[in-house]
Amino acid sequence: MITQLAENVFWAGIVDWAIRRFHGRELSTHRGTTYNSYLILDEKKVLVDTVWEPFAQEWLDSFRQVIDPAKIDVVVANHSEPDHSGALPLLMQACPNAAVIVSKRGAESIPGHYHRKWNLKAVGTGERLPIGRRELVFIEAPMLHWPDSMFTYLAPDGILMPNDAFGQHYAAPFRFNDQADQEELYEEALKYYVNILTPFSTQVARKIDELLALNLPVTAIAPSHGVIWRKDPLQIVRHYQEWAAQKPQRRAAILYDTMWQATRRMAEAVGDGLAAEGVPYKVVHAAVTDRNDALVEVFRAKAVIVGSPTLNNGLLPSIMPLLEDLKGLRFKNKVGAAFGSYGWSGEGVKLIEQHLAACRMPPAAPGVLAKWQPTADDLEKCRALGRAVAAAVLKNG
Ligand code: FEO
């Protein structure tokens with residue numbers, strides 16, 4: 001349902017209640033998502049971003065209620081990822097002569113995705129496009145979260161359309177933040193930040209400083225996913241500043257997998273040691289827990305403690321994706337530790353420790369290895385590991 005944001009400015013997107021995996025199968029979206037597209041009707045008729053291709057026809061038909069797509073003069077493609085650009089081929093059949101505004105990097109990536117000859121116009125930060133009573137101002141935002149990412153600001157309305165930044169994978173009945181369940185909204189905003197933007201935290205902090213220095217009035221932040229921040233719109237900017245600083249809480253995440261419960265018993269004993277020192281933690285069984293949710297626990301925690309039995313001279317396969325993410329998401333300001341059981345070769349703990357070191361998570365204490373099922377002495381070593389990690393968390397936290 002088309003929703004008005006301001007006079008002649010509309011949300012014209014799609015709410016996808018059903019999607020549960022995004023980026024192919026990479027990202028879980030328990031609460032669905034939206035693909036937000038914005039329509040601005042001035043002397044020039046402007047569309048900012050499109051939707052994912054499976055919804056292209058439905059989307060085009062829906063905004064036909066407000067304007068015939070053939071009358072669109074300007075299409076802004078803030079980012080080329082197909083959830084936002086996927087409907088461009090269908091749209092451009094309706095308005096083949098419209099200017100397609102892209103960032104300089106978008107001038108490579110949009111043709112790279114679609115191989116069509118559209119009327120592309122590349123813009124840089126600070127470039128303005130008058131569209132009648134209003135103007136569009138463009139701000140390149142490389143690596144928030146692709147090289148081509150760009151923000152579009154609508155003056156004088158003060159509406160910032162930052163594409164993926166400040167978004168949430170959150171299907172909701174209403175379009176604005178003040179109409180949403182705040183707990184759900186922030187769970188999704190944080191999960192989105194953790195899984196998509198954490199590696200680019202330095203760029204996020206820098207871009208926010210740049211934006212705030214421009215002193216642009218902001219009446220709404222209208223991202224490309226989820227609800228639009230109109231009530232205290234800068235609240236999400238303040239949260240991004242906090243998340244980008246990567247100052248974890250005084251808590252721990254214990255990530256493990258187990259074959260015959262030995263490593264599970266060790267995980268729980270490590271937890272007992274943390275609890276004895278008053279440090280909260282979550283125990284995450286990697287094989288039965290959503291990976292993206294587990295990463296939120298990692299993000300929040302000062303300590304990341306990883307356990308696996310040794311299998312085939314390595315680790316249980318369910319642990320590997322999480323270890324890849326510990327590296328790829330470039331978490332900062334954390335300490336690590338390792339534990340696990342073994343039957344004969346026993347390399348698991350050492351492999352985890354090497355990986356944590358490569359992720360710049362220095363060991364809070366040496367790892368604990370137990371042969372077959374842990375003995376009472378092994379479990380006491382695990383509790384001691386928990387206490388040592390707790391000391392590091394409380395010291396550095
Ligand atoms: Fe929502 Fe980077 O696409």
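How much space lies in the second largest cavity? About 30 Å³ of space lies in the second largest cavity of this predicted model, a cavity being a set of points, on a 1 Å grid over the protein atoms alone, where a 1.4 Å probe fits but cannot get out. Grid points are joined across faces, edges and corners, and a volume is the space filled by probe spheres set on the points.

A word on conventions first. Because the model is predicted, local features need pLDDT of at least 70 and side-chain atom pairs count only at pLDDT 80 or more, while totals for chains, interfaces and linings use all residues. Residues are numbered from 1 along each chain as its sequence is written, and side-chain values use heavy atoms, with hydrogens and water left out.

## The chain as a whole

Let us start with the overall picture. The C-alpha atoms of the chain fill a box of roughly 80 × 40 × 35 Å, taken along the principal axes. The secondary structure comes to 12 helices and 23 strands; helices (H or I, at least four residues) and strands (E, at least two) are DSSP runs, numbered from the N terminus. Of the 397 residues in the chain, 58% are buried, where buried means under 20% relative accessible area, exposed over 50%, and partly exposed in between (1.4 Å probe, protein chains only). Among the contacts with a separation of 6 or more, 71% come from residues 24 or more positions apart, a contact meaning heavy atoms within 4.5 Å.

## Two domains

The chain is divided into domain 1 (3-245) and domain 2 (253-396), with bounds that come from an automatic or database domain assignment. Their C-alpha centres lie 39 Å apart. The contact takes 16 residues from domain 1 and 13 residues from domain 2. Between them the domains bury about 1,200 Å², 52% of it on carbon and sulfur atoms; buried area is the accessible area (1.4 Å probe) that two parts lose on being put together, summed over both. On the domain 1 side, Val194, Asn195 and Pro199 supply 38% of the area buried against domain 2, more than any other three residues.

## Pockets and cavities

Unlike a cavity, a pocket is an open set of points with protein on both sides within 12 Å along at least five of seven lines; for either kind of space, lining residues have an atom within 4 Å of a point. In the table's classes, Ala, Val, Leu, Ile, Met, Phe, Trp, Tyr, Cys and Pro count as nonpolar, Asp, Glu, Lys and Arg as charged, and the others, Gly among them, as polar.

| Space | Volume | Lining by class |
|---|---|---|
| Largest pocket | about 450 Å³ | 5 nonpolar, 3 polar and 11 charged residues |
| Second largest pocket | about 350 Å³ | 8 nonpolar, 11 polar and no charged residues |
| Largest cavity | about 50 Å³ | 3 nonpolar, 4 polar and 2 charged residues |
| Second largest cavity | about 30 Å³ | 3 nonpolar, 4 polar and 3 charged residues |

The largest pocket draws at least three lining residues from each of domain 1 and domain 2. Its lining has 19 residues, of which Leu190, Lys191, Val296, Glu297 and Arg300 lie nearest its centre. Helix H5 (182-197), helix H7 (235-244) and helix H9 (291-300) each supply at least two residues of this lining, and H9 gives the most, with 5 residues.

Turning to the cavities, the count comes to 2 of 30 Å³ or more. Leu27, Ser28, Thr29, His169, Glu188, Lys191, Tyr192, Asn195 and Ile196 line the largest cavity. H5 gives the most to that lining, with 5 residues. The second largest cavity is lined by Phe22, His23, Glu81, Asp83, His145, Asp164, His169, Tyr192, Ile196 and His225.

H7 has Gln235, Ile236, Val237, Tyr240, Trp243 and Ala244 as its buried residues. These pack against H5, helix H6 (201-213), strand S16 (220-221) and H9. After H7 comes Gln246, whose phi is positive, near 50°.

Is Ala276 buried or exposed? Ala276 is exposed, with a relative accessible area of 57%, and its place is in helix H8 (residues 262-276).
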